[in-house]
Amino acid sequence: MVMQDERPATPAGLQALRALVADGISVNATLISSVEAYQDAAEAYIQGMSELLESGGEPARVASLASIHLSDLDGKVDRMLGGLGADELPAGLLRGKSGIALARAVHAHQGEIYRRVEWSRLAEAGARIQRLLFRGMLPLDPALPETYYLQALVGPGAVTAATPDAFEVLLQP
């Protein structure tokens with residue numbers, strides 16, 4: 001069983017993430033609600049991995065997740081849209097879309113980060129990419145199906161925190 005510490009993607013939390021990874025401890029970066037916060041978490045992880053490798057540690061023994069809570073983000077944005085007349089166009093078209101938009105943007109950015117030269121040195125030493133964890137997979141909006149986020153985001157390299165029932169529904173023909 002792999003033990004994993006959790007740290008928020010705040011300035012203090014990211015300093016702790018870097019230090020923990022440098023000490024060989026796996027960390028989950030939480031509270032990521034923007035591409036910039038994800039980039040900061042990825043950079044802290046890469047810096048920690050570099051320090052771990054430089055000190056003679058084993059990068060292959062350390063893992064990290066970057067957590068995005070989809071339904072919380074959608075709930076916050078949808079409440080703001082409600083004040084703008086969310087049932088009217090164009091605000092109504094945006095309801096329930098911010099979590100998926102962020103997840104897709106972060107996933108695209110992840111590819112850019114881990115194609116860089118400094119990461120290739122770490123990967124050759126056994127370091128693993130900081131994986132994305134999509135949490136809050138049940139939509140808060142009762143009009144959306146239980147599999148709303150799964151249908152949009154399940155794919156290679158992603159980790160999802162969904163119920164087994166949701167996966168069963170997704171896999172039905």
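Mentor: Gladly; please keep in mind that this is a predicted model.

Trainee: How far does helix H1 reach from its first C-alpha to its last?

Mentor: Helix H1 spans residues 11-22 and has twelve residues. At 1.5 Å a residue, a span of 16 Å is expected.

Trainee: Which unit does H1 make together with E1 and E2?

Mentor: Strand E1, residues 4-8, and strand E2, residues 26-30, run parallel and are joined by five bridges, with Glu 6 standing opposite Asn 28 in E2. Taken together with H1, the two strands make a β-α-β unit, and its handedness is right-handed. The answer is therefore a right-handed β-α-β unit.

Trainee: Which residues of H1 are buried, and what covers them?

Mentor: The buried residues of H1 are Gly 13, Leu 14, Leu 17, Leu 20, Val 21 and Ala 22. An α-helix has 3.6 residues a turn, so residues three or four places apart point the same way. What covers the buried residues of H1 includes E1, E2 and helix H2.

Trainee: Which element gives the largest share of the largest nonpolar core?

Mentor: That core has 39 residues, and those touching the most other members are Leu 17, Ile 32, Tyr 38, Met 49, Leu 70, Tyr 114 and Phe 134. The largest share of this core is nine residues, and they come from H2.

Trainee: How is the pair of Tyr 45 and Trp 119 classed, and which parts does the pair tie together?

Mentor: The ring centres of Tyr 45 and Trp 119 are 6.2 Å apart and the planes stand at 35°, so the pair is tilted. Tyr 45 lies in helix H2 and Trp 119 in helix H6, residues 117-124, so the pair ties together parts that are 74 residues apart in sequence. The class is thus tilted, and the parts are H2 and H6.

Trainee: Is Trp 119 buried or exposed?

Mentor: Buried means under 20% relative accessible area. Trp 119 has a relative accessible area of 4%, so Trp 119 is buried.

Trainee: Which residues form one aromatic cluster with Trp 119?

Mentor: The rings of Tyr 114 and Trp 119 have their centres 4.7 Å apart and their planes at 85°, so this pair is edge-to-face. Tyr 45, at 0% relative accessibility, counts as buried, and Tyr 114 is buried as well. The residues that form one aromatic cluster with Trp 119 are Tyr 45 and Tyr 114.

Methods
Residues numbered from 1 in each chain as written. Predicted model: local features only at pLDDT ≥ 70, side-chain atom pairs only at ≥ 80, totals over all residues. Heavy atoms only, no water. Pairing = 2+ DSSP bridges. Helix = DSSP H or I, 4+ residues; strand = E, 2+ residues; numbered from the N terminus. Expected span 1.5 Å × (residues − 1). Buried < 20%, exposed > 50% of the residue type's maximum accessible area, 1.4 Å probe, protein only. Contact = heavy atoms within 4.5 Å. Core = buried A, V, L, I, M, F, W, Y, C linked by side-chain atoms within 4.5 Å. Phe/Tyr/Trp six-rings, centres within 6.5 Å; stacked < 30°, edge-to-face > 60°.
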